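Please look over the sequence and the model below before reading the briefing that accompanies them.

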Amino acid sequence: PPSAPPPPAAAAPPGEGDGTPQRQALEGELVRAREEASQARAEQARLQAQVHELEGENRRLADEYVAAQEQVLELAQRYVALARLHAARDRADGLQIVQEVVINLVGSEELAVFLVEPGGPRLVHSFGLTEEQLAGLGHARGAIASVAAGGALRLASDEAPAPGEQGLTACVPLRVGARTCGVLAVFRLLGHKVGLAQADLDVLELLSEHAGRSLGLATAPAATAQA
């Protein structure tokens, strides 16, 4: 007898078979997911950039705050130094104040003060230097004599040092009005200082303008030099 025909193929349930509608839906979801991931990465990058910007701004503000605090401290120190100079009782007191200002504000423990006299600069005070080191200073060829003759503040970098002035960092005229009545010689700076900063120069200018009064108008005899 003839064989029975094969049974008809069962109809594929919805969603099976080639699955074109489902695949399209999945691909759409994948595209949306990729777009969302891309947007999330862009947002993350934007936020990171904003964080870096805020961190930079915070650092800038912190640096400005520190600089402002340092400036306030420098101004306060100069004000105190100025007040002390004007309150000096006599020449010896004035010389001691000049010494403390140079040590604490400028940063040198080697200094000498000369009075301007007709015969040339005369040493009246020193700190941190021996008599041998100071012998001969004030001769006509040196910075000390030049400043004593009415010159402006001179730094070691201005020109080659004269004999005996190799360790000189700054030479400061001490004035009373327009008259130079003394010279402050600042020698080697402390080890932590590589040179004079603007704040140091401001202090030296303050001494130049105001310390001379403590020397020129004092009635007490000059302080003796000390090593």
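This is a predicted model: local features need pLDDT of at least 70, side-chain atom pairs count only at pLDDT 80 or more; totals for chains, interfaces and linings use all residues.

Residues are numbered from 1 along each chain as its sequence is written, and side-chain values use heavy atoms, with hydrogens and water left out. The secondary structure comes to five helices and five strands, where helices (H or I, at least four residues) and strands (E, at least two) are DSSP runs numbered from the N terminus.

**Overall make-up**

- Along the sequence, the elements follow the pattern α-α-β-β-α-α-β-β-β-α.
- Of the 227 residues of the protein, 32% count as buried, a term that means under 20% relative accessible area, with exposed being over 50% and partly exposed in between (1.4 Å probe, protein chains only).
- The protein exposes about 14,100 Å², of which carbon and sulfur atoms supply 56%; accessible areas come from the Shrake-Rupley method with a 1.4 Å probe, and for residues only the protein chains shown count as cover.
- Among contacts (heavy atoms within 4.5 Å) between residues at least 6 apart in sequence, 60% join residues at least 24 apart.

**The contact of H1 with H2**

- Helix H1 (residues 20-86) and helix H2 (residues 91-106) have axes that come within 10 Å and cross at roughly 170 degrees; axes are lines fitted to C-alpha atoms, for helices over the stretch in contact, and angles run from 0 to 180 degrees between N-to-C directions.
- That crossing makes H1 roughly antiparallel to H2, since angles under 35 degrees count as roughly parallel, over 145 as roughly antiparallel, 65 to 115 as roughly perpendicular and the rest as oblique.
- From H1, the residues Gln77, Ala81, Arg84 and Leu85 meet Ile97, Val98, Glu100, Val101 and Leu105 of H2.
- The residues of this contact divide into six nonpolar, one polar and two charged, where Ala, Val, Leu, Ile, Met, Phe, Trp, Tyr, Cys and Pro count as nonpolar, Asp, Glu, Lys and Arg as charged, and the others, Gly among them, as polar.

**The five-stranded sheet**

- Five strands form an open sheet in the order S2-S1-S5-S4-S3, with antiparallel pairing; two strands pair if DSSP finds at least two bridges between them.
- Strand S2 (120-127) and S3 stand at the edges with a single partner strand each, so one side of each is left without a neighbour in the sheet.
- Strand S1 (residues 111-117) is joined to S2 by seven bridges in the antiparallel sense, and the two strands form a hairpin with two residues between them.
- Between these two strands, Ala112 has Ser126 in S2 as its bridge partner, while Glu117 stands opposite Gly120 in S2.
- S1 also pairs with S5, over five antiparallel bridges; here Phe114 has Val183 as its bridge partner, and Leu111 stands opposite Val186.
- S4 and S5 run antiparallel and are joined by seven bridges, with Pro173 standing opposite Val183 in S5.
- S4 and S5 form a hairpin with two residues between them, and Gly177 in the turn has a positive phi of about 65 degrees.
- Strand S5 (residues 179-186) is mostly covered, with seven of its eight residues buried, and S1 is likewise mostly covered, with five of its seven residues buried.

**Two buried loop residues**

- Phe187 lies in the loop between S5 and helix H5 (198-216), and is buried, with a relative accessible area of 4%.
- Not counting residues up to four places away in sequence, Phe187 touches a set of residues including Leu111, Ala112, Leu129, Leu134, Leu137 and Thr169.
- Although Phe187 and Ala112 are 75 residues apart along the chain, their C-alpha atoms are separated by 8.2 Å.
- Thr169 has its place in the loop between strand S3 (154-155) and strand S4 (170-176), and is buried, with a relative accessible area of 17%.
- With residues up to four places away in sequence again left out, the residues that Thr169 touches include Arg154, Leu155, Val186, Phe187 and Leu196.
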